[in-house]
Structure formats: structure tokens, C-alpha cells
Amino acid sequence: MKKQPLVLAMLSALASMAHAADTPSLPDVVVNATRPDGQSDSVPLSSTDTATSLTSHPGVTVNAAGGVSGLPAIRGLSSDRIKVFIDGADATAACGNHMNPPLSYASPSQLAHTEVMAGLAPVSSGGDNIAGVIDAQSRAPRFADAAGEWISSGSLSLTSRSVDNSLTEDVQAALANDRFSIQYAGSHTKADSYKDGHGDKVLDTLFESINQSVTMAAQGSGQRVTLKLSEQHIPYQGYANQYMDMTDNHSMGVNLGYEGEMPWGRLEARLYWQNTFHEMGFFSTEKVGSMPMDTHGLDTGYRIKGEVPLSKGTLRIGHEFHRFQLNDWWPPVTGSTMMSPNTYVNINDGQRDRLAFFGEWEGRLNEQWTTQLGLRHETVTMSAGTVQGYGCGMMCATDTAAANAFNAADRSKRDQNLDLQAAARYQASAQASYEFGYARKTRSPNLYERYSWGLGNMAMKMLGWFGDANGYVGNLDLKPEVAHTISGTLDWHDAKKQSWQLQVTPFYSYIEDFIDVDVIGTFTQSGNVRNKLQFANHDAQLYGVNIAGQWSAWRNTAFGEGTLKAQLDWTHGVRNDGVHLYHIMPANMTISLAHSQGAWHNQADLQLVARKSSVSEYRLENETGGYGLLNLSTRYDLNKRITVQAGIRNVFDKSYDLPLGGVNWAALKAGETSTFESLPGQGRSIDVGVRIQF
């Protein structure tokens, strides 16, 4: 079925409603962070990708993909190992290359608040993850203060970036009285392929993306109902590190939320639906040919959570259900001897259901100790129908045999997953607090990890969200991943948390049945050997430290306020058999000096990244050199109505390779290189933006 482009119109989900019980929370037992309030009201200047905008949070990095589809990673664990919610709704990447990850469905300008919870995330925040939870929220509905009063607001913004000639237009508008509210958010971005530090074009990195949404809300008597309607269209998006490009992505969503006060406490409920049609192929001059690949994904689900105040804390209990349905097929190519006469059926009626129940208690034992305990159980049921290859005779014999074996196998799977979390915070003094805890987190394989079946060279190259140009195949016998994580945060600060603060967070995770790969063969691509890889369970370990600090350097009338910030992240990951884990960011540090005086806000960032020498042997991962980048930005707020921003990224036009960029297949395909070199990062960019509020 072919989707029809609709006029995008729709968005937003729940806003906070009733007051929770007067119980202290554990905001830092998990590594959680929120975008500064001021940033949500300014122009998203430096990035068109929502995932990239989160890298200021400790431990968060991004695996390079398309211009708006980066894959976030928390402490070295990426993609489906992170549970991502957009306004409380759960979405799944409906693509064998994960070209449409959840965060790609919201532009940076559409989000007002994003919380990152790493490792020890409370069980009430979400399951089916071993890395953590990203909870992204749009602007909450606004209401008038008095009956009969009407309020309206809106904004227009325009942002350009020289490195890829990109242009982003954002529109926000809202109208409300004391009972009803409606708001619109729209964003359009179009970019050419970006240039590296040598001024050379990095081929096949161009894209265009459109996001629109409408949110309607009603409130009264301590209750609030919110309906969000959303639509996204990506006409094209290049992938320099993949064999395929995105040639179309169209998604529609409905998100219905409720929050209200009850005699016994507080109730939250949500019902959501997202329908995605996705196409891959070739559209750029760097990649030519004809090989259409289509997918249709459907997410449906609901979440119910109750919060009950107790004499010694707060009890949270909840129930969730999420269903993901997927069809992945490759239409035959007329005249081709290898891609015809049949439709290649990769995933047929794939279904992944999660049924979850959880309970969580949080309370204060005394003036110094606060604790949190949680238990979550999920039943994950998966199935898929029979498949077929192109049917092209002897040239397709390998895939024909693989399809027959797959069809004869038991394809119904059920996992019983258990999550535990125990955390505590000790307030030693007004200047020091210590947080620590343990979590057992479980994730079942995704549909592609279990049900992709093709063993031919071409079929295996079409699967994989890793950007490494290797080939992948699924494994029906995969077990769920189980991560045992121990983490703690040492927090020192002045009594008012205004002059200085230092947080040190070491962590250690032992992961049973980590889903990595085994080498089952090789193939040659453009004169280079690549590996055939099958997903397989292996025990693994990840450990490291996140350090973040800030210091108020000066505060006076003559020079305004200056703040020095620094963040250091280091992660190491290895399987128990000694094989290094793939896409682990080397040690990196960012030092920032922020200055504000009246309407002026200025910042200088120095980003330092160490050499990447610990690489995955099985993925044929390249080593990358260390580098340093200087970024400058300024913002001026005029009468609270007009905001003007400007910045220079990579001031010295440094040439460097992305440690998490994978390989530059587009350059090899175009004959610019003879080997699989690393994907270069962006060169100097002059960014300018203006926002007008009304």
C-alpha cells in the first residue's frame, strides 16, 4: 500500500497536572539532565539532528547516520538498547538500517525538555533497555489564568549553516482560554552534503526533513486530556556509511494522554499509534542503480501509571503494552537477473509484543537518607511469517536454501524479562551528597536481530545499522540481554549550588548474553574484504567514568557573569573473550566558558577527543586520530521578542575523522578512495539564526 502525503499537522502530549505527594525524589541517582530553559526558547543553532543536540549530557554520544537520524548512545550502548519516548509514546525503527530511529521524528526546535537517565533508570521510566531512557517532551499546553480570557502566542525562526548550505524554518503558534488549548509546531530543513576540514564535499550526506504537529488539550477539576497529532515526511536522506539511502519516509501518529488527581493519588494514562512507510534505494549521483526496499511499521500501545502517597514515601504502580508490527519487502527489478522475478520478503508479518507490570517505592528514611526500590516484569512475544527470495535460479541458491530453512523453523518466541532497581542517596552535608545503586535491566532482540534470514552477499549487505559495510544476518536462537549495572555519583558543591559543583560518576556493567556478532564468512567489496556477521550472544563488560563540573568565574556589574564548565567521559567495552565492542567513544572532554551580560549570551567550547585505538576486530573498525575543535557562539535577546544568534563551529577548519562515523562507502563507491576509510567530520561552519516571538 502506498502512503498519501498529508498536510502535516499535529503534536504534543501530556503536561504535568496534579501535584505529586510531598516526597523527595532522587533526581541524580540516575544520570539525568535537562536542556537549559533558555535554550528551548532560542534558535537550535548548531545541529539539525535531535540526537546530536543531547551530547552535552554526560555519557551521551551519537553514532553517525543521516543528517537528522543520528543514533544516540549512552555509555557505549546505542540504538534499541536505549528506550526513547517522544511525549510518552514508544516508537520503533522500521528499517533494516535503522534510518528512522525514534528521535528522528522530532526536530530540536520542537522539544522543550529532554531527560537522559543512564544505567540506573527507575523501572517506572520504561523497560526493554539496558543502557537507559531518553524522555523527550514537547512544549506543554498553555492555558489562560482566568475564565473568559484568551491568550495567543507564536514564533517564527530561520537558521542557516554554511558547512552544508542548510536552511531550517520553524513555526510555532498557540491559542487558549482557561479550559481549552490548541498549538501548532512545524519545522522544515534542507541541506546539501557537508564539507570536511579540507573543504572537500563528504558525498551523500544531503537530506530534507519536514515535521509538523497539532496539539489540543482540555483541563478542568484537576484533570487534563491532551491529543497530539503528528506527521513527518523525509523525501530523501543520504547515508555515506551505508550501502543504501533513504528515498522516502512518511509517518503519521496519534497520541492521547490523560493526567488527573484521584482521591487516592494521581493517575496518568496514554494511548498512542504511529504508522510508518519507509523506502530505501538510491537517489544521489554517488550511488546509482535500482534496488527498491520497502518497509511498513506500525506501533500501537498504552501506558497506565498510578502514584499513591504513603506515610513513608510514594508508591508507583503501572502497566504497559506495546506492539510493533513490521513488513519488510524488496520489489523485483524489471530486467535484472539477480533481483527478480519474485518480491524478496525479508520480514513477513513480523510482530513484537511487550506486556509489562511494575511497582516502585520511593521514600525518605531520615533527614540524610533517601531510597528507591523498583521491580518490573515484561513478557515479550515475537513471531514472523514465511519468507522468500528473489527466485533467480542458481544465482539465488544460497538465499533459497536459507529461506527454506527459516520457514521450517519455529519462529514463535517468548521471553520473560525481569528488571530490578535499588538506589539510595546520602546527604552528608550542605556541600556533599553521595548516590549509588544497582540495576538489573533486560532487553529482548529486535525483529531484525532475530528474523533477518538472507545469507547471500547482497542480502546480508542490506542489513545493519552500524555503518561498517559488513554483512549481517539474524539468529532465531538469540537470548535477551541482561545488564547488571553498578553506579554511583559523588556530588560536591557550595551550599547554594551557585558558585561551584563537581560530580563524579563511575559505572560498571556486566552484560549477560550481550547481542554482538560471530564471523561466519567474508566477501569482497570494491577490492576490499568485509566480514559476514551473524548476531550472537556473548557476555561483555562496560565500565568508565563521567565527570562534570562548573565554577562561577566572575559575577559583577561591569563584566556580567562568567561560568566555566567542563565534562569528561571515558568508556571501555570488551567481550569476555577479549573482543572489543564496536562504536565505543574514546576519552573525550569539553571545556566551556559561558558569559552573559544583560541581553548578551556568549560561549566558547573546546572539544578534545583522544585517539581511538580500541576497535572491534570483527567489525573491521578503523582507528581514528585524536583532535580538538573550538566552537564559538553568541546570542542577543531584543525586548524578549527577537532573538539573534551566530556561531562558528570548528573555528580552525580542523580535518578529522569521526570515531563513531563508520566507513565512507560513498567515497569508495564514487572512486575517490580505494579502501574503506573513516567518515570525515564537518569542517568550519558559520551558523546564523533569528527567532521572532509574538
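Where is leucine 502 found? Leucine 502 sits in strand E23, and since this is a predicted model, everything below is about computed coordinates. At a relative accessible area of 33%, leucine 502 comes out as partly exposed.

Together with Trp500, Trp551, Trp554, Phe559, Leu564 and Leu593, Leu502 makes a nonpolar patch of about 660 Å². Two strands stand out here: E23 (500-525) and E24 (528-556) each supply at least two residues of that nonpolar patch.

Now hop over to phenylalanine 283. This one is in the loop between strand E14 (265-281) and strand E15 (293-310). Phenylalanine 283 has 30% relative accessibility, so it counts as partly exposed. If you set aside neighbours within four places in sequence, phenylalanine 283 is in contact with Asp204, Leu206, Tyr236, Gln237, Gly238, Asp245, Met246 and Thr247.

Last stop: serine 685, in strand E30 (residues 685-693). Is serine 685 buried or exposed? Its relative accessibility is 0%, so serine 685 counts as buried, the cut-off being under 20%. Its side chain has polar partners, though. One is the backbone nitrogen of valine 163, which the serine 685 side chain reaches at 3.3 Å. Another is the side chain of aspartate 687, joined to that of serine 685 by a polar contact of 2.7 Å. Not counting residues up to four places away in sequence, serine 685 touches Arg161, Ser162 and Val163, along with Gly647, Ile648 and Arg649.

Technical notes
Residues numbered from 1 in each chain as written. Predicted model: local features only at pLDDT ≥ 70, side-chain atom pairs only at ≥ 80, totals over all residues. Heavy atoms only, no water. Patch = residues over 30% accessible without salt bridge, like charges linked within 9 Å, V, L, I, M, F, W, Y side chains within 5 Å. Areas by Shrake-Rupley, 256 points an atom, 1.4 Å probe, with all protein chains shown as cover. Salt bridge = Lys/Arg side-chain N within 4 Å of Asp/Glu carboxyl O. Helix = DSSP H or I, 4+ residues; strand = E, 2+ residues; numbered from the N terminus. Buried < 20%, exposed > 50% of the residue type's maximum accessible area, 1.4 Å probe, protein only. Contact = heavy atoms within 4.5 Å. Polar contact = N/O pair within 3.5 Å; in protein donor to acceptor, adjacent residues only side chain to side chain.
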